[in-house]
Amino acid sequence: MNANANQALLTEHQTESLSNKAFGFWLYLMTDALIFALLFATYVTMFRSTASGPEPSELFDLKHVFLETVCLLLSSITFGFAYLGALGKHRWQSVNWLLVTLILGVTFVYLEVVEFIGLIENGAGPQASGYLSAFFTLVATHGIHVSVGMLGIIIMMFQILNKGLTPSVNSRLFRLGLFWHFLDIVWIGIFSIVYLPVFI
Amino acid sequence: MFGRLTLEALPFYSPIAIAGAVVTFSGFAMVVLLVSWKRQWRYLWFEWLTSVDHKRIGVMYIVLALVMLVRGVIEAVMMRAQQAMALNSEGYLPPEHFEQLFSTHGTIMIFFVAMPFLTGLINVIVPQQLGARDVAFPFMNSVSFWLTAAGAALVAISLVIGRFSTAGWTGYPPYSGIGYSPGVGVDYWIWALLISGVGSTLTGINFIVTTLKCRAPGMSLMKMPMFVWTSFCTSILMAFSFPALTVVAIMLGLDRTLGMHFFTNDMGGNMMNFANLIWIWGHPEVYILVLPAFGVYSEVTAVFSKKRLFGYRSLVYATAAIALLSFTVWLHHFFTMGSSPNVNAVFGIATMIIAVPTGVKIFDWLFTMVRGRITFHPSLLFTIGFILTFVIGGITGVLMAIPPVDYLVHNTTFLVAHFHNMIIPGALFGYFAGVQYWFPKVFGFKLNDFWGKLVFFFWFVGFYLAFMPLYAVGLLGMPRRLVSYTNPDWQPFLITAFCGAGFILAGLCSLFMQFYVSYRDRENNRDLTGDPWDGRTLEWATSSPPAPYNFARIPAVTDVDAFWVMKQNSDLNSEPKPGHYESIVMPKNTGAGVIIGAFSFVLGFAAIWYIWWLAAVATLGAIAMLIIRSCNDHSEDVISSAVVFKTEHDRWLLAQTKGQPACDGKRL
């Protein structure tokens, strides 16, 4: 009968639940931050547990890590542009910046995988010592998160093109953005705790 | 193709294991046949399994908990029987089977009885007490449930295919490492915990948001009912402690499957880290279990004493203090494992401090009852039984918080008696009280009083008989987890404990008898008022069973005992009028939760047996389902005002004709 009234009701309800979703997502990020916190704690306690295997100082290449860091930090900026595009209702601008973010993300993960393969080939795989188990688990957990984020970016690009920038698509983009920036923060932690001490 | 899954996985190592497998399998087959015979698959699927209604999800949680409780209690009786007869003999259980029993008993009781039970109660009641129509994330709620069910299914299937862990419910390495436990048992344990643990984290997030965002107008934080407060604190603990369980389970899994060295003996592994990580989750877990029960006790004492809860504010602060302190004491679980005296002292003192807010609570409940008009409803009996019994557990707990004393009773049955003393009265009695108290709300008829009192009697007496001897025999020096022994002084105590286990089994049977009798006589015990106990909080303002939308009109709250105040101030029994109602938006049912749960189960099973292609398929399936669901913008539906009016009016008419005037907050 009054389909319009129902539609209005649904829209109103949706707006309300979108703000709940944002809050819930913050909470989720906090639980995820705890996972990383415990992985960091484990890494720090196992820093000297190298079991006469490779030492941290022998493992890393500063240039490589610098390149990874640049990719990830830049991708946070480009994601910001994508979100600004969405706010300004510029659909293509948003999708294009998401594409740039995706490319930076792929590059990051590619660099990480190259690093891992190099380590494993040099006998410094996760099985080599407690220290390397902790290293691989911490860094790979971050890498897996980035990959999940990239899957999210691909889905968002499709949704923006198919559905347009509706309130629910915008809110998903917002939450994905939180996730992406969160991973940046975690990477800064990894950079400062895993890599930097080795070079100082 | 099938990884390490071969015919040898079948349970032919012990006749009792075969019996267990047969019972599990035939129980499952019987349920399938019964549903098919009654032609109820459609009903079951569309009304229950795919439901996102918080009340139905809550009921499914509790059913899951009760099914697993049966298994947990039977295992307890088996262990007690073994120890009662195993003086200078082997008893009737092979050691390997006995080890599986205590490992599954602990795992099941914590993860698949207590957790679903309390989550179920929270699900059913919290939104109604908040004056809300639903939880914040109904679909996520369904996913949480099905993840828990998937974990439980993994434990259940371990009875039929392969064996369960023998490493105890905390799975300490290096014993649980691949070197000492090469079979699939520990992997079953890991995956059951991982999958259900993610569900618990999500539940925690869901109810934090629900509590903070979905309260009825006027309900400030300090006007929330006590059960909401304890559930809220529990949810915070769930969301912030379960990640530790996830991390530690994954690390142990990596050690086992990928040969890493987090917790191994050699190659730089550090097994103390496991103790730290698991108890960072495990200690808050204790309070996750007891806090909701504390909430039930608070509701029950107030209602059945016909008084306002004494010291509401102090109860709130005590609850919050307990929640906070629960994160500061985890090290008391390994006092004897070589920390320095200073570290032990700090954690010992922190542990003792928790007794203070807990004591505050005990006094609040006692003072609520003082000079009240008390009705000895079974739920109140459980509360009183809890107060009497829990204090003993508290005292032995403070005793063990003194590190030197802990050295003395470490790893003895004294400890076993202590934690059962905390968890059976502290948690399980509370859940039972909750069932006795809220059952008419959920199903629309009251439970039989006589059988309810019998349930209490058997559990109460059974508890004392089963665990007081364990305190004594622990002080005599009996280690826990013994499959047989040679000291004749211990046997009388262990025989008494076995009798206690028998009483507890009788208590469990009485509970099911109570359900049966109450269901048989349901027409005589119908409650059409929605408010059988003259309740004080908002859940009694909805109809019994509540409509899918709970409240036809969202109530306005002015007091902690919101519904009580409304009843005093106005006549709530007027005839519903059309035009009084608005249309309501409710989420549509969805099968996505069941499917994600099913894929998680397959993933767990495949990973346990190293069937990697299947694990990959299941992971992709779950992800695909999530993506499909996340693209769905039409997950809600409108219930029109006319339908709401008709529902409300029909119920009002029925109550009038049966002479049970519906005292009902819906027309507020």
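The conversation below takes up the labels used for this predicted model.

Biologist: What makes the pair B:Lys55 and B:Asp53 a salt bridge?

Modeller: The closest N and O atoms of B:Lys55 and B:Asp53 are 3.3 Å apart, and the rule asks for a side-chain nitrogen of Lys or Arg within 4 Å of a carboxyl oxygen of Asp or Glu, so the pair qualifies.

Biologist: Why is B:Lys55 called buried?

Modeller: Buried means under 20% relative accessible area; B:Lys55 has 7% relative accessibility and therefore counts as buried.

Biologist: Why are B:Glu96 and B:Arg163 said to tie parts of chain B together?

Modeller: Their closest N and O atoms are 3.1 Å apart, and they form a salt bridge. B:Glu96 lies in helix 4 (residues 95–130) of chain B, whereas B:Arg163 lies in the loop between helix 5 (138–157) and helix 6, so the pair joins parts that are 67 residues apart in sequence. As for accessibility, B:Glu96 is partly exposed with a relative accessible area of 27%, and B:Arg163 is partly exposed with 32%.

Biologist: Which labels do B:Arg526 and B:Glu523 receive?

Modeller: The side chains of B:Arg526 and B:Glu523 meet in a salt bridge at 3.0 Å, N to O. B:Arg526 has a relative accessible area of 28% and is partly exposed, whereas B:Glu523 has 54% and counts as exposed because that label applies over 50%. B:Arg313, which lies in helix 9 (residues 312–325) of chain B, has a relative accessible area of 48% and is therefore called partly exposed.

Biologist: Which residues of chain B are linked in a network of salt bridges?

Modeller: The network links B:Lys306, B:Asp531, B:Asp534 and B:Lys567. Over all chains, a search of the whole structure finds 18 salt bridges.

Biologist: How do you know that B:Arg629 has no salt bridge?

Modeller: The nearest side chain of opposite charge, that of B:Glu636, is 7.8 Å away from B:Arg629, and the rule requires a distance within 4 Å, so no salt bridge is assigned. Leaving aside residues up to four places away in sequence, B:Arg629 touches B:Phe139, B:Thr590, B:Ala592 and B:Ser635.

Biologist: What makes A:Arg172 and B:Asp633 a salt bridge?

Modeller: Their side chains meet at 2.7 Å, N to O, and the limit is within 4 Å, so the pair meets the rule. Across the interface of chain B and chain A the rule finds two salt bridges.

Biologist: How do you know that the two chains touch, and which element of chain B gives the most to that side?

Modeller: Contact means heavy atoms within 4.5 Å, and by that rule 42 residues of chain B are in contact with 38 residues of chain A. The area buried between the chains is about 3,200 Å², with carbon and sulfur atoms giving 70% of the total. The count of residue pairs in polar contact between chain B and chain A is 11, both residues being at pLDDT 80 or more. On the side of chain B that touches chain A, helix 6 (185–213), helix 7 (226–258), helix 8 (271–305), strand 1 (584–587), helix 18 and strand 2 (636–639) each supply at least two residues. Helix 7 gives the most, with nine residues.

Biologist: How many helices and strands does chain A have?

Modeller: Chain A has five helices and zero strands, and its elements run α-α-α-α-α from the N terminus on. Of its 200 residues, 53% count as buried.

Biologist: Which residues of chain A does the annotation "transmembrane region" cover?

Modeller: According to the unreviewed UniProt entry, this annotation covers residues 25–44, 65–85, 97–120, 132–158 and 178–198 of chain A. In the model, the span of residues 65–85 is 100% helix and its end C-alpha atoms lie 30 Å apart, while the span of residues 97–120 is 100% helix with its end C-alpha atoms 35 Å apart.

Key:
Residues numbered from 1 in each chain as written. Chains lettered and ligands numbered in written order. Heavy atoms only, no water. UniProt positions renumbered as here; feature names shortened; annotations may be inferred. Helix = DSSP H or I, 4+ residues; strand = E, 2+ residues; numbered from the N terminus. Buried < 20%, exposed > 50% of the residue type's maximum accessible area, 1.4 Å probe, protein only. Lys, Arg positive; Asp, Glu negative; His and termini not counted. Buried area = accessible area lost by both parts, 1.4 Å probe. Polar contact = N/O pair within 3.5 Å; in protein donor to acceptor, adjacent residues only side chain to side chain.
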